[in-house]
Amino acid sequence: MFTDISELKQACTACAKCELCQTRHNVVFGVGKEDAEILFVGEAPGENEDLQGEPFVGRGGQLLDLYLNGIGLDRKENIYIANMLKCRPPHNRDPKPEEMDACLPWLRNLVYLMRPKIIVCVGRISAQRLISPDFKVTKEHGMFFDKNGTLMMGTYHPAALLRNPNLKGACLEDFLKLQDKIREMGIEV
Ligand code: URA
């Protein structure tokens, strides 16, 4: 367990706990304000993220930024964004359970240090791991669950919105609910 985020990040950068370390270009630890009260957790880096070392920088990431900015959130100012996996699975395949198990301690340590008030799971993979194994994005998106004092919410992954633009309205509603919750909790953004 690390007691400082920069030490945690540095150790993670040298991680070789699973085979993804052999094919990655960069470890994508996360980006944002390290003492933010809101943490977003996606699935895993894609090609652009692997090359640039930052989460959500491709087309999906640009879309995510639009939703974030629409409710006054900004990855440089008032939130933190990370992924379940810090390294890209080849050809963007789904993360393997053993890769998730190997990688989760990095996220847990981050959550321990940040103590976010709200965690937003971006997509099914993180929602099923962090909220509930049978989480259904289509039914439970936008709902808040209290997990040991941290509020958790799952929403659509931007890649799903790019594949199916009909989901964009539902995702916007989720973000508006998030904005209401942020105000209700008195979180400064
Ligand atoms: N998809 C994710 O879940 N995370 C990223 O960082 C990029 C794409």
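These legends accompany close-up views of salt bridges and the ligand site in a predicted model.

**View 1. Glutamate 19 and lysine 96 form a salt bridge.** The N to O distance between their side chains is 3.0 Å. Glutamate 19 belongs to the loop between helix H1 (5-13) and strand E1 (31-32), and lysine 96 to the loop between strand E3 (80-83) and helix H4 (97-114), so the pair ties together parts that are 77 residues apart in sequence. Glutamate 19 is partly exposed, at 42% relative accessibility. Lysine 96 is also partly exposed, at 30%. The pair takes part in a network of salt bridges that links Glu19, Arg93, Lys96 and Glu99. The structure holds 11 salt bridges.

**View 2. Glutamate 54 pairs with arginine 75 in a salt bridge.** Their closest N and O atoms are 2.9 Å apart. Glutamate 54 lies in the loop between helix H2 (47-52) and helix H3 (59-70), while arginine 75 lies in the loop between H3 and E3, so this bridge ties together parts that are 21 residues apart in sequence. Glutamate 54 is partly exposed, with 27% relative accessibility. Arginine 75 counts as buried, with 7%.

View 3. Glutamate 184 is exposed, its relative accessible area being 61%. Lysine 181 counts as buried, at 18% relative accessibility; the cut-off for buried is under 20%.

**View 4. The ligand sits in the largest pocket.** Gly42, Glu43, Ala44, Glu49, Pro55, Phe56, Asn83 and His157 surround the ligand. Taken alone, the ligand exposes 240 Å². The protein buries 89% of that area.

Technical notes:
Residues are numbered from 1 along each chain as its sequence is written. This is a predicted model: local features need pLDDT of at least 70, side-chain atom pairs count only at pLDDT 80 or more; totals for chains, interfaces and linings use all residues. Side-chain values use heavy atoms; hydrogens and water are left out. A salt bridge is a side-chain nitrogen of Lys or Arg within 4 Å of a carboxyl oxygen of Asp or Glu. Helices (H or I, at least four residues) and strands (E, at least two) are DSSP runs, numbered from the N terminus. Buried means under 20% relative accessible area, exposed over 50%, partly exposed in between (1.4 Å probe, protein chains only). A residue is near a molecule or strand if one of its heavy atoms lies within 4 Å of it. Accessible areas come from the Shrake-Rupley method with a 1.4 Å probe; for residues, only the protein chains shown count as cover. On a 1 Å grid over the protein atoms alone, a cavity is a set of points where a 1.4 Å probe fits but cannot get out, and a pocket is an open set with protein on both sides within 12 Å along at least five of seven lines; lining residues have an atom within 4 Å of a point. A molecule sits in a cavity or pocket if more than half of its atoms lie within 2 Å of its grid points.
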